[in-house]
Amino acid sequence: MKDQRLETRVDTQTIKIEARKAQVYYGTNHAIKDVDVDIMDKTVTAFIGPSGCGKSTFLRCLNRMNDTIPSCRVEGSITLEGESIYDPRVDPVQLRARIGMVFQKPNPFPKSIYDNVAYGPKIHGLTRNKAELDAIVESCLRKAALWNEVKDRLQAPGTGLSGGQQQRLCIARAITTSPEVLLMDEPCSALDPIATAQVEELIDELRSQFSVVIVTHSMQQAARVSQRTAFFHLGNLVEFGETGQIFTNPKDPRTESYISGRIG
Amino acid sequence: MSLGLLLLVLLALAVAGYVIGRRKAVAQVEGDIRKLHSLPPFYGRITALLTAVPAFFLIAAWLLAQPLFLETKALNLINPAELPAGKSAELVMADVRRVAAGLDMLAARGQDVTPLLASPTALKAALNTAGVVLETEPTPSTLAATAALRSSGDTSRLAMTIAALVLALAGLAFGLSRIKPEYRARNATEQFAMWLLMASSLIAVLTTVGIVASLLFESIHFFRLYPASEFFFSTVWKPQFGGGSQLGILPLLWGTLYVSVIALVVAVPIGLMSAIYLAEYASRSTRAWVKPAIEILAGIPTIVYGLFALVTVGPLLRDYFASPLGLGNSSSSVMTAGLVMGIMVIPFVSSLSDDIINAVPQSLRDGSLGLGATPSETIKQVVIPAALPGIVGAVLLAASRAIGETMIVVMGAGAAAQLSMNPFEAMTTVTVKIVSQLTGDTEFASPETLVAFALGLTLFCLTLALNIVALVIVRKYREQYE
């Protein structure tokens, strides 16, 4: 595993995902308007903004999860390493193995902890035998900082863990397929402060291997974990830049109002 | 006073109680309702409830208990020496009841019935013209019993009317006496409503208990006349009303289970797959008309399914499968009944499973799809395992429905009790035999009729066990997502 990681390590300034003039419609409702975003490799990008501003919607465009909503329509161009992800030749199922996702609420499957983590490798046929599968399960649980807590009860149901453990289990599950990008939709909103701190620490560690995109309601969290921040408001991308610059010296007055608590 | 009139009077008293109670409350505070604990209608309501409800309950209880008391009284008057050969006192009581009803009818027409009581011949003739046909002339003791039944019936009715009215008036007075500005009428109404709701649920429970008890008593009666070991372990079902019957339940249980299993083999895959289609793949507009269309199947009367089995499916199976394969040439077969019954229970499986699959949180599907699973992998590996306990519950409910089905079996599988593996053979089930043992003019004393209760009790235990298992599984499933 380590060798593979070294091989795939590239310059941190490579653009992983590039969105240009992205539009999203729910029926007649124009939810995302003209969004241009570059997601850098090995970087944590935070999407912030008030509720209903479209940040989760945009996140779900990046791995085509919006395909599961019948009335949803996406226009504009979104590319992963230069290839359009909405090209008809792209299989959304394969795409989602390359761009993993962690959801707002922990959603472990009603299976054992082991089977939860082994789910991705099993359906994609990533392993040749049980030993390899065991190795992937262990390394992913270790990366998700959960191994020590669950190593003695891998066959216990995943739904029996605490909220924070469940969310780390979901993160472990999401990284088993070695995705290139990890999308996180408010991963800490259902967690207590201690579990939140653990997950944030984890995000920072994951940055060395993946590009991470995180949607968050908490500006402190965005400031703590991200290197780049995008501020969405009413379906528009208002401002996108270095996290430090967005929080200390915003260019747009709307960003300034939001981070100082006047809108939102 | 007739019952309807009595109820009307009680209702009028209740309305009066409402108006008076409300007025009294308002008058006590001289129109300033802010000084009352509750709004004025509550004072009226509690008075009306106290007036009407206890009296209604008294009437209901009286009407239930009255026949029991009166009949034992009349039964004692019947002279055992006068009983015709082969007739028990209970059977004579049926005559007594009919004569009494006939006399009441004549009296209601304004005829003088006193001379009729003196002459049995005239009485029989008069009753014949009134539409009550008696086999023989009533004996003197029957007449005495009839007269006693009628007179004590009248007395009892009068006593009930008086008691109900007194109780209603007492309730009214009690309700009015309690009205004071600080009386918490609102809370009292609430309390009263709770007791009423509790009584309603008690009726359902007591009815179940009553049904089980009656089954149980008659079954015990049956097992006194017929050995239980024979009933449960004999493989021959051959009732003979002359006596010497062989009443083994095994062929019937076998038929029941065989038909139900075939029905489930048909219904479970079809129902489950259509549920998966509806819940996971169908668009909203498709679902909007497909789901009700499937549920229409559940609304078709079973006798119509029976006709379908008798006229279409049975001959079809015989001509194209059973005869060519040399498996028999009966158009009634287990297969016919099983197939048609399977179609009947499809909506039970599909509709319940559809609801259960829909109840699986969307987040689980998202999680699986987000890992790059296809929809069918998601359904097989995540959605169905999550919904499985509920689906098992749905299947068990469908099974208990199939086990209790009668009409389709009579028309599709025939009425011949036998133990056979051949699905194209005519067989029959427990329910069908219950019907055939009880139809016709038979008395409830021989094992041939009483066996119906033992059969019913066995069936009840079977479906009860299935329902309990289903409930336990469904409950376990609910706990998982809360």
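**Entry 1. Overall dimensions of chain B**

I looked up the radius of gyration of chain B and found 31 Å, against the value near 23 Å that a compact globule of 482 residues would have. I note that this is a predicted model, so every value here is computed. Along its principal axes, the C-alpha trace of chain B spans about 80 × 75 × 40 Å. I then checked burial: 36% of the 482 residues in chain B are buried.

**Entry 2. Domains and fold of chain B**

I looked up the domain assignment next. Domain 1 of chain B is made of two segments, 3-79 and 139-191, while domain 2 covers 237-480. I took the centres of these two domains over C-alpha atoms and found 48 Å between them. For secondary structure I listed 17 helices and 2 strands in chain B. Among contacts in chain B with a separation of 6 or more, 74% are between residues 24 or more positions apart.

**Entry 3. Helix H10 of chain B**

At 1.5 Å a residue, its 16 residues should span 22 Å, and I found its end C-alpha atoms 23 Å apart, which agrees.

**Entry 4. Where chain B touches chain A**

I looked up the contacts between the chains and found 17 residues of chain B against 25 residues of chain A. On the chain B side, helix H13 (362-370) and helix H14 (375-403) each supply at least two residues. The largest share, 6 residues, comes from H13(B). By residue class, I sorted the chain B side into 8 nonpolar, 7 polar and 2 charged.

**Entry 5. Strand E3 of chain A**

I turned to strand E3(A), residues 44-48, and found it mostly covered, with 5 of its 5 residues buried. Which way do its residues point? A:Val44, A:Ala46 and A:Ile48 point one way, A:Thr45 and A:Phe47 point the other way, and all are buried. As a reminder to myself, side chains in a regular strand alternate between the two faces of the sheet.

I also looked up the strands that pair with E3(A). Strand E8(A), residues 211-215, runs parallel to E3(A) and is joined to it by 4 bridges. In E8(A), A:Ile214 is the bridge partner of A:Ala46. Strand E9(A), residues 228-233, also pairs with E3(A) in the parallel sense, over 4 bridges. There I noted A:Phe231 as the bridge partner of A:Ile48.

Key. Residues are numbered from 1 along each chain as its sequence is written. Chains are lettered from A and ligands numbered from 1 in the order in which they are written. This is a predicted model: local features need pLDDT of at least 70, side-chain atom pairs count only at pLDDT 80 or more; totals for chains, interfaces and linings use all residues. Two residues are in contact if their C-beta atoms, placed from the backbone, lie within 7 Å. Ala, Val, Leu, Ile, Met, Phe, Trp, Tyr, Cys and Pro count as nonpolar, Asp, Glu, Lys and Arg as charged, and the others, Gly among them, as polar. The expected span of a helix is 1.5 Å times one less than its number of residues. Domain bounds come from an automatic or database domain assignment. The radius of gyration is taken over C-alpha atoms; the globule rule is 2.2 Å times the number of residues to the power 0.38. A residue is buried if 20 or more other C-beta atoms lie within 10 Å of its own, exposed if 12 or fewer, and partly exposed in between; C-beta atoms are placed from the backbone. Two strands pair if DSSP finds at least two bridges between them.
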